[in-house]
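Subject: Structure handover

Hello,

I am passing on a structure for you to look at. My notes on it follow below.

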Amino acid sequence: MRQPEGRATVHGRIGQMGILANCRRVPVIFYLLGQLAGAASITGRIVEDHSGSPVASASVRIVKVGVRGLQADLETDGDGRFDAPELSEGEYKIEISKPNYLNASVRLRLSADETSTSLRLIRCGVITGHVSDGKGQPVRYALVLAMPKPIGGGPLLPDFRTGHYTTVDVRGNYRIHNLPPGQYAVVVSYGASTFAVGSSGSAATGPSLGSGFLFYPDNARPQFLGISAGEERRNLDFAIQASGVHAVSGKVETASKDKYWLALSRVDQPALAVAVTQTQDDASFRFNGVADGSYHLFAAKTDGSRNSQGGYLHAEPLFARSRVDVLTQDVADLNVRPEKGHAATFVMRLAESSGAKGPCPATAQVVVKSLEDWAVQLERRASLSLEKAATMSMLAPARYIVSVTGLGDACYAGANPILDLSGAADAAPIILTIAPAGSIHGHLDTGGKSSSSFAVVLVAEETGDDAPVVQVSIPDAESRFTFANLHPGRYRIATEPMAKTSQSHWLSDPARTVEVEVHAAKTTEVNLTAPSGPSEKR
Amino acid sequence: MQQFTLALILAVAAMAQTSTSQTSPATASVSGLVRDAGTGAPMPDIVVSYRSQEATTDAEGRYTLRNLPAGPVRITAIGPAKARGFGPRASKLVTVSAGQELGGIDLLIRGFAEISGRIVDQNKEPMADVSVRLIAREYSLGALRYVYAGAAQTNDQGEYVMNNVESGRAYLLEVHKGYQSINAISESPANPKLRRPAVVPTYYPGTAALEGAQALTLNPGERRDGVDIRVLRTQSFCIDGVLQSGSGLGKQNFGIAEMRPHSGASGSGAMFFAIPGGSTGPDGKIRICDLHPGDFTITVTSSEESDTPAFFGTAAVSIIDQDVSKIFVNASPRVNVPGEVVWEGTPPDPPLTSTLNINPRPMTRAPYHGEVRLIRAPIPGQFSLDTLFADEYSLQINGVPDSAYIKDVAYGGHSVLREPLRPGTAVGEAALRITLARDGGRINAKVADKENKPIGDAQVVVMPASVASEGVLAAALVSGQTDQNGAWSTALLPPGKYYVIATELPVDKSPESIGKLWRSRNKCEEVELGPGAAAQVTLAPARLE
């Protein structure tokens, strides 16, 4: 095997072993720069990536680049086929979507003939199982969540997107779907999670079971399960053992009839509340069914209303946090003293190496999400302008993860910092750096073969064993290929004969990849050599 | 303002929750069994209650409820799933005397039923993540309404399970796309032939017409599987136009939904769905596509920081066979409805100190924050409803003193006693007048069988003789449950002629029930109620068909 020119070849494994896997809601982007003999019409067939079966009833939306509105809004038939006749020449973008599949997007240039294309949709995964108590009885109304593995070793956060959580039914069964391929921890929350309306500390499940959560396979070491495209992972069962449960009660120091929501969250896993309750008219509160352990006690003043994500904060909220240890007996007479919230300041800056602002916008939005479950809605947003400090006040004294949104496709933010307001004082200003995206231009030495019979595959490697983001480009007549709008970082790149890729997987041999570094606002040049000889074994 | 909550179920059961402060020395007690209506088996761990008094059934299903005051007492048992607040319930009226220990009062709980099935599209592909909804048909304030009463979501296989279905009630089943956020200007192609067919809300067993839908009535504890629906598709249409608030342009929030069925209260609960919608740009323009032929309601509210809009408006749009253009909706500000409570005839002396409690609620949507609050009106006296919009409201009036009845409620001179209140539609004097009168009478009914044995738990229905239609009948009738002695008394009624009938089956506001009552008027006892009279009626239970 000849070594490609340019960078050294790096041998290694790629995440899910070559399966086109996408753990983020970023559509897989295909660049077809070929001169397809195309008409002002396009027909296509959509198949499932992992099985090759046709995908019927998929939504196909065809947009001409630069022209507002849809040129065609279609659906695939029972055999996965669609047909858009009478289109004019030009550059088009086709968006394909279907519930329980990842969205896909294709860019192609149509010239005067009929174009035919075949595309693969990645089907999401499913997790299903049974939840019972120590006596084998179904634990109805418990909530099962699939929590995606955080990027970069960050903290675990519950995910309440459609399908990623579900309630256990009357027979004790649950089924979670809509899971993009990736790694997930599965947890069952019973009794009094934030999400269970009407919990109020009294267990919706049997009183002897108490209130809490259980990771699969156990709380001490939650396991991250790899879910691949179209996989149905069965029999992920939970057996909730009733442990000694106690009551935790006390009073909030408040003069008027204010409503407070309180949550008990474990110190070692504060993202999921173990018990949730509200104050009574006399400002007293009581949690029932709490197992032994060390907890944070969070309290926040609400306006009395709530939705499934928690209570709505009062217009002038007050907060309290303290530690409660439950050791083999009830804890009574806790005194909660609420105080005003804290302020935090954010500044958005361009990364030093990136030079000019380029495609980065002058304004964006900072989003602050709590890492701790307080049973109230703590997420906050604020507008950000480059180099201008933005302040958020009345924030709960919690730990938050900070991110930037609204940067568009061509600009990216660095790693998400943690804002820790759990101490007494306001925190130091948080600097958020953004940088224009980079790109890769390259040339493929095909050894004389037609360039359109090869695919160039780019895999992002943001962290160690996180599922990669995959992009595919097909070289043009001059054997050139491009990947644009890339997040700065490390990537691997390889080529594949197109004939092989249309069978099932995009990548078959991770050993033939080349490591590439993408820098902000810069273009990396890569030269590749197409594999010659007979097709390798997978 | 956009609401992202999917469904909110409120229990609107008219149970007074104030604790009793009776201090009669010899209190009564009631005991008996709680059993499952389907199997007859005794049910342990069921809470039986009267106001704040509670007792839990033991392992044999026995309960004893103590500390009850003398007089009529309504006891309620709530079945398992009580922890979620909405278990199936059984309720019984008993009349006890001081110191009495009344036994043999058994309660039968009709357990919830379950409906499940699979939803597929025209390619026989399973439809994931769509909403399957229960619809109750009920007469409400004079009109037959189709109101949402339950929901379930399909999984990736198109399968759904609808739990907590009340047994013994007829429901329709609908598949709906569910909530989505809509862009104000749709990208759908201008040529209708290039558009994907629109999803039509489809009713079991597979029709797009509400009237052709098949009703399902389940038995207690029944699990009905295989209730599958193949969703229909039609040509998709667009509507376009301009939305405004208070005659000024600007960003508006809008929602669009089919006119029927709609959210609201039915039976003993209520269900509210978020309506698909979004926000316009500063020019207020909309182009909404992917619509099927049918009748829609567009709701427009001014867009503000807070949850409470300053302007609200609705418009009806009908799509028949082509796109509809140049729609214009202007949202209006709140309508002030001044009101008064007056007496007809001589008012009581000394005057009453209690208040009438007026609770206006929107009929087809959840109220906005701050839109509804309980108004306490002195009797007689003035009051003001100043938070309402130009929409339909039901006025729930409570606290009518025992010695009086509501003779009429008029808005702008037009009676709205059996109709929704539509603020802003009054011609002339735009005030709400509630007229109370004292010249009513009472009907005391006793239900017994042929051997003169009293029949408890029978439903007695009292209907005014002169009602023009089933809708008015549903709004005008009064009914109640007999106690263990077969006795039930009405509140004070206007004088006039009434038909009284008793039945052992439950009676509700569904078209089936009201139709049966309407057709049974010739089987009823006729009662002529004079002012101040107390008429006694003895009835045997009749069979209604």
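**A strand and its partners in chain B**

Strand β31 (residues 355-362) of chain B pairs with strand β32 (residues 375-378) of chain B through four bridges, and the two run antiparallel. Please keep in mind that this is a predicted model. Within this pairing, B:Ile358 lies opposite B:Ile375 of β32(B).

Which residues of β31(B) are on the covered face, and which on the uncovered one? B:Leu356, B:Ile358, B:Pro360 and B:Pro362 make up the covered face. The uncovered face consists of B:Thr355, B:Asn357, B:Asn359 and B:Arg361. As background, side chains in a regular strand alternate between the two faces of the sheet.

Chain A contains one helix and 41 strands. Of its 538 residues, 44% are buried. Among the contacts in chain A with a separation of 6 or more, 72% are between residues 24 or more positions apart.

Chain B has two helices and 44 strands. Its radius of gyration is 26 Å, close to the 24 Å that the globule rule gives for 545 residues, so chain B is as compact as a globular protein of that length. The C-alpha trace of chain B spans about 75 × 55 × 45 Å along its principal axes. Buried residues account for 36% of the 545 residues in chain B. For contacts in chain B with a separation of 6 or more, the share from residues 24 or more positions apart is 74%.

**One loop residue**

B:Gly532 sits in the loop between β43 (525-529) and β44 (534-539) of chain B. Is B:Gly532 buried or exposed? It counts as exposed, because it has 12 C-beta neighbours inside 10 Å, and the cut-off for exposed is 12 or fewer. Leaving out residues up to four places away in sequence, B:Gly532 touches B:Asp439 and B:Gly441. B:Ala257, by contrast, is 49 Å from B:Gly532, C-alpha to C-alpha, and 275 residues from it in sequence.

Regards

Notes. Residues numbered from 1 in each chain as written. Chains lettered and ligands numbered in written order. Predicted model: local features only at pLDDT ≥ 70, side-chain atom pairs only at ≥ 80, totals over all residues. Buried ≥ 20, exposed ≤ 12 C-beta atoms within 10 Å, placed from the backbone. Pairing = 2+ DSSP bridges. Contact = placed C-beta atoms within 7 Å. Rg over C-alpha atoms; globule rule 2.2 N^0.38 Å.
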